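Subject: Structure handover

Hello,

Here is the structure for you to look through. My notes on its helices follow below.

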Amino acid sequence: MGRIIFHIDCNSFFASCEEAYDPSLKGKPVVVAGDPKERRGIVLAANYLAKQLGIYTTMPLWEAKKKCPSLIVRKPNFSLYRAISQQVFERLQRVSPLLERASIDEGYLDVTEMASVHPLILAEHIQRDLLETVQIPISIGIAPNKFLAKMASEMKKPLGITVLRKRDVPNVLWPLTVETMHGVGEKTAKKLNAMGIATIGDLAKADEIALQQTLGIYGSRLKEWANGIDHRPVNPEEGGKRKSIGNSITLPYDVTEQRVLLDILRQLAESVGRRMKQKWVVSATVQLTIRYHDFQTITRSKTWDNPFQEAEEIFRYAAYLLKKHWNGEPIRLLGITALDVFDRKEAVKQLDLFHYEEEAKTEALRKTVEKLRKKFGGTAIQKGAALVEKKGEQQN
């Protein structure tokens, strides 16, 4: 007896939330973007009617309006999206307690114990219930494991229900390009292509040792998935708990010099930022921990408008907290924590096109710096000010 796994995927979630909040938008082309008054805004989400007109995510807003002069633009309302997401998952929880939240708009449901109800009938019931009560359209993939269920839910949108069995894999999945496979990002696809692997079928038949040499242990997992094998259980605790990523350091001596403390904060911020990138998460809240020479410990935090991940932003926020809350007494421990981290997919940052392009230009530089530090050590590249300070200390 195999498992029966549903992958629930909310269709054009942010735009659908706007329609649920304002029913007058239904049947009209709608996008979620930056400030509608700004010509430089970019499209963050589009409903299916807008997509049919050739509008897509990251398209400049002026171009989207050129394609559709009657386009309706809504500014991001992340609190609304979170509230509706909570309603969706609360209703799914009533179907089965084995519910794993994968992101703000998708999750896995293990309905194996409900074998008395035909999976298609159950899926239709869930789809109809969410559309009638929360006004959110969903697609459902039905399969014996999480990977196949995820792939199935992508095959028919909006309001699709697709069954994908393991025996269907050679005919349905293998002809597809590796770029379309869940778990294969742009970088991984390029590495696979360089190995002569163009389709999911090529990946399924690829040499496992060669895959491990290129992608590590993840290469073996991708090969299993390409063959329709996925042993991961639906874990209700996996996505339900909000996690934090932090780092702290006990200083070798009590410190009172602000410049030294800031230098330490920068190192901590780089460590936290690096780990956040590895886990593909962002946060909107920084917490600073200060332990004084007498072991009195305080924690102070602040939440900012936009989610962050970059070390420079983390450092700037931590430095703000230090300057605001440090009482001037000697410090023996400092710590930085990014609270309530969440998947980058959930992050809606209101960027106009200028800032979007600006970030894209600096991303290559950031990645190069990270690679050099990983290869040669964390002190391989430092800010000029830090080197001047160290040189001055050596001369003293």
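Exposed means over 50% relative accessible area, buried means under 20%, and partly exposed lies in between (1.4 Å probe, protein chains only). This is a predicted model, in which local features need pLDDT of at least 70, side-chain atom pairs count only at pLDDT 80 or more, and totals for chains, interfaces and linings use all residues. Residues are numbered from 1 along each chain as its sequence is written, and side-chain values use heavy atoms, without hydrogens and water.

Start with helix α8, residues 186-194. Helices are DSSP runs (H or I, at least four residues), numbered from the N terminus. Thr188, Ala189 and Leu192 of α8 are buried. Their directions fall within an arc of 100° down the axis, so they line one face of the helix. That arc is taken from the helix axis to the C-beta atoms. Glu186, Lys187, Lys190 and Ala194 are exposed on the other side of α8. Just after α8, Gly196 has a positive phi of about 85°.

Next, α1 (residues 13-21) and α4 (residues 78-95). Their axes come within 10 Å and cross at roughly 90°. Axes are lines fitted to C-alpha atoms, for helices over the stretch in contact, and angles run from 0 to 180 degrees between N-to-C directions. That makes α1 roughly perpendicular to α4 (65 to 115 degrees). Phe13, Phe14, Cys17, Glu18, Ala20 and Tyr21 in α1 are in contact (heavy atoms within 4.5 Å) with Phe78, Leu80, Tyr81, Ile84 and Ser85 in α4.

Best wishes

Definitions and conventions
Helix = DSSP H or I, 4+ residues; strand = E, 2+ residues; numbered from the N terminus. Parallel < 35°, antiparallel > 145°, perpendicular 65-115°, else oblique.
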